[in-house]
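I opened my notebook today to look up a few things in this structure. Here is what I wrote down, entry by entry.

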Amino acid sequence: MMDNIISEDLEKTKNAVKGDAFAEKKALVTGGAGFIGSWLCDALVDFGADVTAVDDLSTGRIKNIDHLTKNPRFKLVKSDVCMFESKVKFDFILHMAGHASPDEYQVHPIETLQTSAVGTEKMAELARKNDSTLLFASTSEVYGDAEIVPTPESYWGKVNPVGPRSCYDEGKRFAEALLMAYGKQYGLDVRVPRIFNSYGPRLREDGLYGRAMSRFILQATTNQPITVYGDGKQTRSFCYITDTVTGLMLLTTNSKAKGEVVNVGNTQEVSILELAKKVKETTKCKSTIEFHPLPKDDPKRRCPDTNKLERLVGWKPTVSFEEGLKRTVTWFSQKP
Ligand SMILES: NC(=O)c1ccc[n+]([C@@H]2O[C@H](COP(=O)([O-])OP(=O)(O)OC[C@H]3O[C@@H](n4cnc5c(N)ncnc54)[C@H](O)[C@@H]3O)[C@@H](O)[C@H]2O)c1
């Protein structure tokens, strides 16, 4: 699905990324029907790349990419990334496949671990065969319940290895270690963005606990109570999708990012209760705020130190929380 808000935002991404590094190149986007993956597919096609998206549609949605399916530069392969084979010599592999929300990965912990472990090894082998640049979507969750906030990449993390979130956190940590090993042993060109909560048009709004931004907007616009877990004092940093996509694209093409792990996120730290109140204010809804018990191992604070992103690629996120929230609410309220 393409609409005015998304086209305007893509134009801004294009201006921020600039250059022709993707023109006539072959790119593979795993998880291409998902939230971030579909934005990347749009941006890459716009930049003149030939894009193959691979997605098993477990959480992705065809409607995120149906406008691309008639474009000769775009192809969707419905497959589990763990089984994906290709003879195409991809210049870039952007490996986004994964179960990103606690509501999803806690129901599918084994598939979540397999996608991070087997799927990432599969992508590393494909990249090694073709000498591709491999960008892997890691996460702020590798820091667990961080003791240093804003969190720099040098912080090793505080993760419960057997808790309810471990399938996701430890899966991503394994994938990071695997890719560092591929870099060291085979000289593979790997780049590892650690993405902090990203949001915007196409973010799924289903689920009970994860994806607070889209869930709150849905609850507010349908006059349901807004469900806050815990006292709402826990914080997150919300990065608008165009900023996330710009960061990922710059890290894919800038040679300074080779072999690096880099935080991608917005540095404005917001409490979940503040988010609930802002959503109420922006949507002008009458929903009440309802408090539920905080799930186990929920991180208390999350905010990236983005100095490394700025130093390596000369860029930092630009869309404020207020502006991004307004755009997202508008998009959700115009959605058919
Ligand atoms: N959205 C965020 O805030 C955020 C934050 C940190 C990291 N990430 C990471 O970024 C990536 C994209 O996240 P998203 O928010 O777009 O999630 P998403 O669920 O919208 O997209 C993930 C896509 O991967 C697909 N997928 C899952 N397992 C697969 C498999 N085994 N084979 C093929 N396809 C598979 C899903 O169908 C979906 O389309 C994920 O790896 C996630 O862990 C996202």
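**Around the ligand**

I started with the ligand: 29 residues lie around it, and G31, G34, F35, G60 and G98 come nearest. A reminder to myself before going on: this is a predicted model.

**Helices α1 and α2**

The axes of α1 (residues 4–17) and α2 (residues 35–46) come within 10 Å and cross at roughly 60°. I therefore put the pair down as oblique to each other. For the hand of the crossing, I noted right-handed. On the α1 side the contact is made by L10, T13 and K14, and on the α2 side by D42, A43 and D46. Sorted by class, this contact has two nonpolar, one polar and three charged residues.

**C239**

I then turned to C239, which is in strand β11 (residues 239–240). Is C239 buried or exposed? I counted 27 C-beta neighbours inside 10 Å, so C239 goes down as buried, the cut-off for that being 20 or more. Leaving out residues up to four places away in sequence, C239 touches F196, N197, S198, T244, G265, N266 and P317. C239 and D46 are 193 residues apart along the chain, and their C-alpha atoms are separated by 22 Å.

**Backbone notes**

Where is the cis peptide bond that I wrote down? I have it joining V149 and P150, with omega at about -5°. P150 is in the loop between β6 (138–139) and α5 (166–186).

L57 has phi near 60°, and I located L57 in the loop between β2 and β3 (74–78). With 12 other C-beta atoms within 10 Å, L57 is exposed. D131 has a positive phi of about 60°, and D131 is found in the loop between α4 and β5 (133–136). D131 has 12 C-beta neighbours inside 10 Å, so I marked D131 as exposed, given that 12 or fewer counts as exposed.

Definitions and conventions:
Residues numbered from 1 in each chain as written. Predicted model: local features only at pLDDT ≥ 70, side-chain atom pairs only at ≥ 80, totals over all residues. Axes fitted to C-alpha atoms, helices over the stretch in contact; angles between N-to-C directions. Helix = DSSP H or I, 4+ residues; strand = E, 2+ residues; numbered from the N terminus. Parallel < 35°, antiparallel > 145°, perpendicular 65-115°, else oblique. Left-handed = near helix turned anticlockwise from the far one by under 90°. Contact = placed C-beta atoms within 7 Å. Nonpolar A, V, L, I, M, F, W, Y, C, P; charged D, E, K, R; others polar. Near = placed C-beta within 6 Å.
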